[in-house]
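Visitor: Please show me the model, and let us then ask on what grounds each term is applied.

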Amino acid sequence: MTTSLPAPAAEPVAGGLFGPKPSPVDAGIEVVSMDRSKAPAGDGRVLTAVTSVAIDRTEPVFAGHYPGFPIFPGVCIVECVQRSALAVAERSGMPEPRLIAVESTRFLGAVHPGDLLTVRLQLRDHEGGVRCQAKVSTGRGDAASVRLRLSGEVAA
């Protein structure tokens, strides 16, 4: 059974209730959609969401990565996934999760200044915490696949 959550405000989540964190990325996170469901085997809850992140040409990381051919660094893509998970957690009523581990990353395509990242997230109760699986894409196609482990549990 899937339950749609109310449509979130169409404005970027800058600090929210969880407060701003130091970040190498200036871009705001916009939560586009969220849905809750039960895990297929009945163990735990699942929250799926889509966020968007506009990568501005003025992002400070572009100055040194790489001059004359700017590419958004992979660590900044992971940061966008983690910040997306925080924004979704806040909107869904979860307590603020902590990043415990980056379990895997695979970078599949370059992200350039002016790109709009679409982050498709699945947060699922997993082994006493939350597993966050994300697929990141731009208008040109897939950019990354990221799996994070977070503290807490998916809100009921």
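Guide: Of the contacts in the chain with a separation of 6 or more, 67% are accounted for by residues 24 or more positions apart; contact means heavy atoms within 4.5 Å. This is a predicted model, in which local features need pLDDT of at least 70, side-chain atom pairs count only at pLDDT 80 or more, and totals for chains, interfaces and linings use all residues. Residues are numbered from 1 along each chain as its sequence is written, and side-chain values use heavy atoms, with hydrogens and water left out.

Visitor: What pattern does the chain follow, read along the sequence?

Guide: The pattern is β-β-β-α-β-β-β-β, with 1 helix and 7 strands. Helices (H or I, at least four residues) and strands (E, at least two) are DSSP runs, numbered from the N terminus.

Visitor: Why is Gln-82 called buried?

Guide: Buried means under 20% relative accessible area, exposed over 50%, and partly exposed in between, with a 1.4 Å probe and protein chains only. Gln-82 has a relative accessible area of 16%, and is therefore buried. Gln-82 lies in helix H1 (residues 74-92) and, leaving aside neighbours within four places in sequence, is in contact with Leu-99 and Leu-148.

Visitor: What makes a set of residues a nonpolar core?

Guide: The set must consist of buried Ala, Val, Leu, Ile, Met, Phe, Trp, Tyr and Cys residues joined through side-chain atoms within 4.5 Å. The largest such core here has 38 residues, of which Phe-72, Val-81 and Leu-121 touch the most other members. H1 gives this core its largest share, 9 residues. Beyond its neighbours within four places in sequence, Val-81 has contacts that include Val-119, Leu-121 and Cys-132. Cys-132 is itself buried, because its relative accessible area is 0%.

Visitor: How do you know that Cys-76 is in no disulfide?

Guide: A disulfide is a pair of cysteine sulfur atoms within 2.5 Å. The structure holds 0 disulfides. For Cys-76, the nearest cysteine sulfur, that of Cys-80, is 7.1 Å away. Cys-76 has a relative accessible area of 2%, so this residue is buried.

Visitor: On what grounds are E2 and E3 said to pair?

Guide: Two strands pair if DSSP finds at least two bridges between them. E2 and E3 have 9 bridges, in the antiparallel sense, and Arg-36 stands opposite Leu-47 in E3. E3 is also joined to E5 by 9 bridges, again antiparallel, with Ser-52 opposite Thr-118 in E5.
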